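Let's walk through a structure together, one question at a time. Have the viewer ready.

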Amino acid sequence: MKTLAAVINGINEEYEFEQLTLGELQPDEVVVRIVATGICHSDEALRIGDAPFPMPVVLGHEGAGIIEKIGSAVKDFNVGDQVVMAYNYCGMCPSCRTGHPSSCNNWAPLNMGGGRPDGSYTFFKEDGTPVSNFFSQSSFATHTITNVNNLIKVDAEEDLRLIGPLGCGLLTGFGTVVNGLKAKSGSSIAVFGTGAVGLGALMTANIVGCSTIIAIDIHDSRLETAKELGATHTINSNTENLAERIAEITDELGVDYSIDTTGLPAVMKASIKVLGIGGISAPVAVTPHSVEFNTFLDLVLANRKLAGVLMGDVVPQLAIPELIKFHKEGKFPFERLLKFYKFSEINQAVADSNSGETIKPILIVDEEYRRDEPLA
Ligand SMILES: [Zn+2]
Ligand SMILES: [Zn+2]
């Protein structure tokens, strides 16, 4: 089976469209025809080499599509089902069995190995060269092979052009607030960076009832969006004094929770410094940078905690339907973050995401899908 994929052949190279062949379908896998896919900053981190990855590779891990073929052991999905794809996990290890699939003991080989754990590949070039997959998903293609554990079935009426980002960026923002920080109602939270993860966290802070929600960014237009989505305060850290403003907003107490989505050393440091006594900070960006702080003065003395949270530490099969429900109720209006591009415009979409012009680019891979229905 052939697929048209946007391939990265080396670090810092642009996406190139190539006809690839899909490998043999294994019993617990399906072929998905991609309808649309979000572009995430992690895709970009891999493309530019911030996170090492075997190339050539088909990136993309916020895909939504329709099942076209099922493996011999697949029982819970049928051809024609609409699905959102998240990451792969083994389902058998202690973390998976206790509801923490993003802590799966086999996370790296299943999501970051390039091929399957048995050494086989899902994509091949015409000359037989294997091409890496990403997250067992690789949604920057017209068709892809993915594992059943990646799949979240959604109702036939859901518009697949919108909901791909629920599989990574928005899931991460949501889960970091709910499970990573376990934010309580009436608490205060500072969100550094108002991209998809930051705004997902901010909308969730609203849902759980945080009473002080501070959005920090360097783009006024994004801070305006943050305000519309429920930020009670905004700070432009380029033009305002961050420490003074946080002190003023929190009556000198500092915040209960903070999230850094930028991965920049100065910002990561600031996200720890703004915590009040007993505060918890979650740095969630994929970043090559390190940050230096004093464990006694910055953490111990004030009982502060630093929490690593991968993919929101949620079960995607439970969290994504919940987010779709919140969206229907108007509590999670993520459609406000989306901008749509043709699949062929992938390099432009990446440039617009990098410049800050677009919060969440979505590539429409199947332009025939509900062609007559307007996009959000
Ligand atoms: Zn991502
Ligand atoms: Zn596992």
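The questions below look at a metal site and some salt bridges in this predicted model.

Q: Which atoms coordinate the zinc ion (ligand 1)?
A: Donors here are N, O and S atoms within 2.8 Å of the metal. The coordinating distances run from 2.0 to 2.2 Å. The atoms are Cys40 (SG), His61 (NE2) and Cys168 (SG).

Q: How many residues apart in sequence are the parts that His61 and Cys168 tie together?
A: The zinc donors follow the spacing C-x20-H-x106-C along the chain. His61 sits in the loop between strand 4 and strand 5, while Cys168 sits in the loop between helix 4 and helix 5, so the parts they tie together are separated by 107 residues.

Q: Is Cys168 buried or exposed?
A: The cut-off for buried is under 20% relative accessible area. Cys168 has a value of 5%, so Cys168 is buried.

Q: Where in the chain are the two partners of the Lys360 and Glu62 salt bridge?
A: Their side chains meet at 3.0 Å, N to O, and both residues are buried. The partners are 298 residues apart: Lys360 is in strand 18, and Glu62 is in the loop between strand 4 and strand 5.

Q: Which residues are joined with Glu68 into one network of salt bridges?
A: Glu68 pairs with Arg33, with the closest N and O atoms 3.3 Å apart. That pair links strand 5 to strand 3. Salt bridges with shared partners complete the network, which joins Glu68 with Arg33 and Asp366.

Terms used: Residues numbered from 1 in each chain as written. Chains lettered and ligands numbered in written order. Predicted model: local features only at pLDDT ≥ 70, side-chain atom pairs only at ≥ 80, totals over all residues. Heavy atoms only, no water. Donors = N, O, S within 2.8 Å, 3.2 Å for Na, K, Ca; no water. Helix = DSSP H or I, 4+ residues; strand = E, 2+ residues; numbered from the N terminus. Buried < 20%, exposed > 50% of the residue type's maximum accessible area, 1.4 Å probe, protein only. Salt bridge = Lys/Arg side-chain N within 4 Å of Asp/Glu carboxyl O.
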